[in-house]
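Subject: Structure for you to look at

Hello,

Here is the structure I said I would pass on. Please open it beside this email and follow along.

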Amino acid sequence: MTLTTNTPGATPPYTADTWPIAAAMLAFGSNDSKGGPIQDADPAEWAKQLRLVRRMGFTEVDPTDTWVRIADLAPERLTDFSAVLADAGLTIPAISTSRRSVMDPEHGAEYLDYSHRLLDAAAQLEIPLVSFGFFQPFTPAQAKALWFWLEEGWQDDESAEARALAASRIRELAEHAAGNGQQITLEMYEDTYVGTCDSAVAFLQEVDHPACGLNPDIGNFIRLHRPLEPVLEMFEKVLPYANYWHVKNYARDEDPASGTVSTFPLPMEFGLINYRTVIGRALELGFSGAFLCEHYGSDSLGVIARNRTYIRGVLDTLLD
């Protein structure tokens, strides 16, 4: 089986105005307006939050399963969800999972089954791609921190046996996705099997399935108070395999005398990553996936709307 990469020089399938740029539903948390779980809410509650996303100018959304777990909706509720999306004028170019790793030491088998259900629910909603990750629930220290990335989180077991099992489970999901006419992607995240650019490419080669690509969320790395590879070198390693892209940015300051690092979230155009440059490079390498705008802190919905406008402006200067 041959690992699929993007085709350099390929003609983009979209214009700057039509390229899918989705809003993350992270800003809404997991509760409805009455304080109950949004998962179990009346469809009118889903509609209320989705209409706000539409009024912010988005035409695409990634529900993310920290908001509504479509894999756990009964058939009639999934139909309701589809109707609410259509009524709001929103489509889903991809859907992301969060902290439901198939290698969770207690719930790995359960989350693998969940992941299969998610692929099928996504197929029913005509969602062409699902993003999976190995990052796991917050530790108590992460849950208390101002920014969760300031505390150490989960670290994947790097033994040969565990790594082989992880690759096997992702290959199983990729095979399922391919049978549905879908793709999957792996979100890059520290201390996991895709926790550096080199390890992400190596793991993708171990999975060795053309329906599996990478989600080059380098923002997850630059926010860490750790040594950092040059940003452009990181992207050069992973962009050839990118099929979905979570985008966000952070300020980063390093004091070489003390070793102190400081980071905090910023709109895309102001942070360390020069997205004009890396989006341009992605297009040269044949990237044709959707973008997902994320942001932590402040008016996150307002910031991601600003980021969407920024991306469209960048694309407008780069596309013929």
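This is a predicted model: local features need pLDDT of at least 70, side-chain atom pairs count only at pLDDT 80 or more; totals for chains, interfaces and linings use all residues.

The largest pocket holds about 550 Å³ of space. Its lining is made of 35 residues, and those closest to the centre are L26, S98, F138, F148 and Y296. Three elements, α4 (140-144), β10 (291-293) and α10 (300-318), each supply at least two residues of this lining. Which of them gives the most? That is α10, with 3 residues. Sorted by class, the lining of the largest pocket has 17 nonpolar, 12 polar and 6 charged residues.

The second largest pocket has a volume of about 280 Å³. There are 22 residues in its lining, and L129, Q183, N243, S288 and G289 are the closest to its centre. Here the classes come to 14 nonpolar and 8 polar residues, with no charged residues.

Cavities

How many cavities of 30 Å³ or more does a search of the whole structure find? The search finds 2.

The largest cavity contains about 80 Å³ of space. If you want to find it on the screen, select the residues that line it: R99, F135, Q136, P137, Q142, G153, W154, Y189, E190, D191 and T192. This lining divides into 4 nonpolar, 4 polar and 3 charged residues.

For the second largest cavity the volume is about 40 Å³. Its lining consists of R100, V102, S115, F132, G133, F134, I170 and L173. Of these, 5 are nonpolar, 2 are polar and 1 is charged.

A helix pair

Helix α1 covers residues 43-55 and helix α2 covers residues 75-88. The two pack at an angle of about 30°, and their axes are 9 Å apart. Because angles under 35 degrees count as roughly parallel, α1 is roughly parallel to α2. The crossing of α1 and α2 is right-handed.

Which residues make the contact? From α1 they are P43, W46, A47, L50, R51 and R54, and from α2 they are R77, D80, F81, V84, L85 and A88. By class, the contact of α1 with α2 has 8 nonpolar and 4 charged residues, and no polar ones.

That is what I have for now.

Regards

Methods. Residues are numbered from 1 along each chain as its sequence is written. Side-chain values use heavy atoms; hydrogens and water are left out. On a 1 Å grid over the protein atoms alone, a cavity is a set of points where a 1.4 Å probe fits but cannot get out, and a pocket is an open set with protein on both sides within 12 Å along at least five of seven lines; lining residues have an atom within 4 Å of a point. Grid points are joined across faces, edges and corners, and a volume is the space filled by probe spheres set on the points. Helices (H or I, at least four residues) and strands (E, at least two) are DSSP runs, numbered from the N terminus. Ala, Val, Leu, Ile, Met, Phe, Trp, Tyr, Cys and Pro count as nonpolar, Asp, Glu, Lys and Arg as charged, and the others, Gly among them, as polar. Axes are lines fitted to C-alpha atoms, for helices over the stretch in contact, and angles run from 0 to 180 degrees between N-to-C directions. Angles under 35 degrees count as roughly parallel, over 145 as roughly antiparallel, 65 to 115 as roughly perpendicular and the rest as oblique. A crossing is left-handed if the near helix is turned anticlockwise from the far one by less than a right angle, and right-handed if clockwise. Contact means heavy atoms within 4.5 Å.
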